Amino acid sequence: MFDSEAFKNEVTEQLQGKSREQKVAFAVRSAMRVLPLLAVQKKSAALLKREREAYSFWKEEDRN
């Protein structure tokens, strides 16, 4: 199981001695990775299946 306290301690330890710019860059990259997860809305199972397909953002005739 994921130990969030150990992870927090590890990240805090690794950020020790880093410049403010490096800490900000780490925070921005972390936020950018999480934002798509926050944007997901509850959707029907059929819609989720379609979105998991490769290139689902293109029209079917344009996927080739």
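This report describes the helices, surface and selected side chains of a predicted model.

**Overall architecture**

The chain contains 3 helices and 0 strands, and its elements follow the order α-α-α along the sequence. Of its 64 residues, 3% count as buried. The accessible surface of the chain amounts to about 6,500 Å², and carbon and sulfur atoms contribute 56% of that area.

**Helix α1 and the residues after it**

Helix α1 covers residues 4-15. Leu15 and Phe26 are separated by 11 residues in sequence, while their C-alpha atoms lie 8.9 Å apart in space. After α1 comes Gly17, which has a positive phi near 85°.

**Helix α2**

Helix α2 comprises residues 20-39. It has 20 residues and reaches 28 Å from its first C-alpha to its last, close to the 28 Å expected at 1.5 Å a residue. A kink of about 30° is located at Arg33 in α2, shortly before the proline Pro36.

**Nonpolar surface patch**

Which residues form a nonpolar patch on the surface? The patch consists of Val24, Val28, Met32, Val34, Leu35, Leu37 and Leu38, and together these residues have about 690 Å² of accessible area. Val24 lies in α2. Its relative accessible area is 41%, so Val24 counts as partly exposed and also passes the 30% threshold applied to patch members. In an α-helix, residues three or four places apart point the same way, because there are 3.6 residues a turn.

**Aromatic pair**

The structure holds 1 aromatic pair. Phe2 and Phe7 form this pair, with ring centres 5.7 Å apart and 50° between the planes. The arrangement is classed as tilted because this angle falls between the 30 degree limit for stacked rings and the 60 degree limit for edge-to-face rings.

**Accessibility of the residues discussed**

| Residue | Relative accessibility | Class |
|---|---|---|
| Val24 | 41% | partly exposed |

Technical notes:
Residues numbered from 1 in each chain as written. Predicted model: local features only at pLDDT ≥ 70, side-chain atom pairs only at ≥ 80, totals over all residues. Heavy atoms only, no water. Patch = residues over 30% accessible without salt bridge, like charges linked within 9 Å, V, L, I, M, F, W, Y side chains within 5 Å. Areas by Shrake-Rupley, 256 points an atom, 1.4 Å probe, with all protein chains shown as cover. Salt bridge = Lys/Arg side-chain N within 4 Å of Asp/Glu carboxyl O. Helix = DSSP H or I, 4+ residues; strand = E, 2+ residues; numbered from the N terminus. Buried < 20%, exposed > 50% of the residue type's maximum accessible area, 1.4 Å probe, protein only. Phe/Tyr/Trp six-rings, centres within 6.5 Å; stacked < 30°, edge-to-face > 60°. Expected span 1.5 Å × (residues − 1). Bend = angle between axes of the 7 residues up to and from the residue.
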